[in-house]
Amino acid sequence: MFGLFRRNKVQSITGVLSHHLVLLSVSEQLKPMRQVDFEMADQSLEEMYEWISDLDGYRWVNGGHYDLSNSPTGQYQLHLSRFLGSEALPVVLTNNSETLLHSLPLLSSQHKEIGIIHIGRQFELKASLEPVQGSAFHFALSRYNESRLFCLGIDQTQQDERTFEYAEDLGCDWMTLSECSFSQRFQVKHQLANYLSHCDEVVVNIDLPSLYPVSRLERGSALDVQVVSRMIRQLLISGKVRQVQLVGYKDKHLYSKQTKAILHELTQMFPSNNCAA
């Protein structure tokens, strides 16, 4: 009725096999995104399942496509909650980090510490009266006292002093872009392990444009995908990951070799998470 599954009819949620990856795509128009950009994002994200389902021969479960600007948010949350309640791992492709705000009410509990691990160049802590692009973790931390944020890959050249002070006031942990280089991979592993020891469950948010250089002349501005793959491997082996969210909407980011590497890591590592346990 609401056009939630225009991609094709979603597979029945009942009977989802254990150890499967479920792909859901979500589009939502938040300020200051223009209508034309939103329409492009909606179309690109809706078509992603066809491409992903052909990668590596891995059989992804089709969780459906959700346009949250033109359909009830509750429908998306209902389907996501059923996947979260199974042994499948939801992987959400979206054009905004703020989509995570629809997941947190389903995961939040007074008896659990929820870790949010954000892999990207920006803190996304914009203080606003309502969710806008760049405000995801401001709302996550202000609404859910039991959540904690760890940012990996923060580009110091793109932040002002006030943002660092606000992140510190909110109790955030972070490592800068230079601290997440391949030469620092063992330090990254140590810091990530220390963070995980304080969390009962975690959700992972990966900003796909941050894996891509800002320009051809600024190769050092991109997160090393090898390091990000190692992060994903460590996180999944911990057994604490409840959801992975990949954020982007431009074709050059969605269909990049970096995104393909991330998806490959997910298909390789998620089954070993339960086998190792």
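The structure holds zero disulfides, a disulfide being a pair of cysteine sulfur atoms within 2.5 Å. Cysteine 172 is in no such pair, and the nearest cysteine sulfur, that of cysteine 151, is 5.9 Å away. Cysteine 172 is buried, at a relative accessible area of 8%, and cysteine 199 is buried as well, at 2%. Here buried means under 20% relative accessible area, exposed over 50%, and partly exposed in between (1.4 Å probe, protein chains only).

This is a predicted model, in which local features need pLDDT of at least 70 and side-chain atom pairs count only at pLDDT 80 or more, while totals for chains, interfaces and linings use all residues. Residues are numbered from 1 along each chain as its sequence is written, and side-chain values use heavy atoms, with hydrogens and water left out.

**Salt bridges**

A salt bridge is a side-chain nitrogen of Lys or Arg within 4 Å of a carboxyl oxygen of Asp or Glu. By this rule the count comes to five, among them the following.

| Pair | N to O distance |
|---|---|
| Aspartate 37 and arginine 34 | 3.0 Å |
| Lysine 112 and glutamate 201 | 3.1 Å |
| Glutamate 113 and arginine 148 | 3.5 Å |

Helices (H or I, at least four residues) and strands (E, at least two) are DSSP runs, numbered from the N terminus. Lysine 112 is partly exposed at 34% relative accessibility, whereas glutamate 201 is buried at 12%.

Salt bridges that share partners join Lys112, Glu201 and Arg242 into one network. In the remaining tabulated pair, aspartate 37 is buried at 16% and arginine 34 is exposed at 52%.

Serine 103 sits in the loop between strand 3 (89–94) and helix 3 (104–107) and is buried, at 0% relative accessibility. Apart from neighbours within four places in sequence, serine 103 is in contact (heavy atoms within 4.5 Å) with Tyr76, Leu80 and Gln243.

Helix 7 (residues 225–238) has 14 residues. Its buried residues include Val227, Met231 and Leu235. At its N-terminal end, aspartate 224 forms a cap, with a side-chain oxygen 2.8 Å from the backbone nitrogen of glutamine 226. Just after helix 7, glycine 239 takes a positive phi of about 75°.

Methods: Expected span 1.5 Å × (residues − 1). Polar contact = N/O pair within 3.5 Å; in protein donor to acceptor, adjacent residues only side chain to side chain.
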